[in-house]
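Let's take a walk through this one, charged pairs to begin with and a greasy bit of surface to finish. Have the 3D view open as you read.

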Amino acid sequence: MADAGMTVTEITGRLAFPTKKEIVADLVWRHYLDAGVISLTEPVPGTTRRVRYVQEHGPYGKTSMRQVVEEVAVPEQSYVEVNFGYRLYADRDRFLFELEKLSKEDRDYILDLPWPIRKVWHVENERMKRIRRLWSA
């Protein structure tokens, strides 16, 4: 659903079972990191290391997690640097006032995700182009 452009608020509203918005936000955030939509380090063409965990069952049924490190190709996409987390925590009232220019969906997209207090790179998709265009207006 996140890949279809739905916000965390929209996804939470469509679920058939009650789920905390924070849990959905964390899952969407991790999905975006795994899919390369969001990167915590500046993306460079080539390959990067991705860490994931695999659940395994031992001979007596004991469940454990094993770390798997993979080399994956960085997609040839353009990224934009965003600092939503820093701006939100530095001056929340001003940041919320600036978000008033955006549509409800774009505003929810920004406010629903757990942005860290640091630079983050986001794929320059239509949503980010729209946010940047309205933000700079």
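In which helix do E126 and K129 both lie, and how many residues apart are they? Both belong to helix 6, which covers residues 126-136, and they sit three residues apart, or about one turn of the helix. Keep in mind that this is a predicted model. The two side chains form a salt bridge, with 3.8 Å between the closest N and O atoms. As for how much of each is on show, E126 is exposed at a relative accessible area of 55%, while K129 is partly exposed at 36%.

Salt bridges that share partners also link up R87, R94 and E98 as one network. Let's zoom in on one pair from that trio. R94 bridges to E98, and here the closest N and O atoms are 3.2 Å apart. Both residues are in helix 4 (residues 92-99), and their spacing of four residues puts about one helical turn between them.

E81 and K119 meet through their side chains in a salt bridge, at 3.8 Å from N to O. Why does this pair tie together separate parts of the chain? Because E81 lies in strand 4 (residues 79-82) and K119 is in the loop between helix 5 (104-112) and strand 5 (120-123), the bridge connects parts that are 38 residues apart in sequence. Both partners are partly exposed: E81 has a relative accessible area of 47%, and K119 comes in at 46%.

Which residues make the nonpolar surface patch of about 400 Å²? Look for V51, Y53, M65 and V69. Strand 2 (46-57) and strand 3 (63-74) each contribute at least two residues to the patch. One of its members, V51, is found in strand 2 and counts as partly exposed, with 41% relative accessibility.

Terms used: Residues numbered from 1 in each chain as written. Predicted model: local features only at pLDDT ≥ 70, side-chain atom pairs only at ≥ 80, totals over all residues. Heavy atoms only, no water. Salt bridge = Lys/Arg side-chain N within 4 Å of Asp/Glu carboxyl O. Buried < 20%, exposed > 50% of the residue type's maximum accessible area, 1.4 Å probe, protein only. Patch = residues over 30% accessible without salt bridge, like charges linked within 9 Å, V, L, I, M, F, W, Y side chains within 5 Å. Areas by Shrake-Rupley, 256 points an atom, 1.4 Å probe, with all protein chains shown as cover.
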